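User: Hi! Could you help me see how the labels for this structure are decided?

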Amino acid sequence: MKRSKILLLCFFISSSIFATEEILMEYQKTEKTPFSAARGEKFYRAERVNSKGDKVSCMTCHTDNPKNSGLTRANKVIEPMAPSLNPQRFADRAKIEKWFKRNCNDVYDRVCTTLEKGDFMKYMLSIK
């Protein structure tokens, strides 16, 4: 019984990682520039003043360490961004697009580019 649970967990994690890599490859098809974890980290940490006059960044809600849980403005817990701790984080394309759309608009007052999305995901995947 215990072995089957472990195998199921391993399958779940590996299928989530495969889905994430597949989504990244789809993004890469539309970009000439290879994705960069360094640019992704810079994007994650970039602070700016939004249209409401608030100083914001991805870290505003997700913390400066993607391994930590964050909080929404409504004080709801946000699971860690790092797929190493949260394997489902980038496994569903629809959820990825939903959250990039919402969060890029909140932080950058615009839609994120495919390059930014790929860089961001590459950075998150680099966190162990």
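User: What makes Cys58 count as buried?

Analyst: Good place to start! This is a predicted model, where local features need pLDDT of at least 70 and side-chain atom pairs count only at pLDDT 80 or more, while totals for chains, interfaces and linings use all residues. Residues are numbered from 1 along each chain as its sequence is written, and side-chain values use heavy atoms, leaving out hydrogens and water. Buried means under 20% relative accessible area, exposed over 50%, and partly exposed in between (1.4 Å probe, protein chains only). Cys58 has 12% relative accessibility, so Cys58 counts as buried.

User: Why is Cys61 called partly exposed?

Analyst: Its relative accessibility is 23%, so Cys61 falls in the partly exposed class.

User: What makes Cys104 and Cys112 a disulfide?

Analyst: A disulfide is a pair of cysteine sulfur atoms within 2.5 Å. The sulfur atoms of Cys104 and Cys112 are 1.7 Å apart, and the two form a disulfide. Both Cys104 and Cys112 are buried. Cys58, by contrast, is in no disulfide: the nearest cysteine sulfur, that of Cys104, is 7.1 Å away.

User: Why is the disulfide of Cys104 and Cys112 called left-handed?

Analyst: The torsion about their S-S bond is about -100°, so the disulfide of Cys104 and Cys112 is left-handed.
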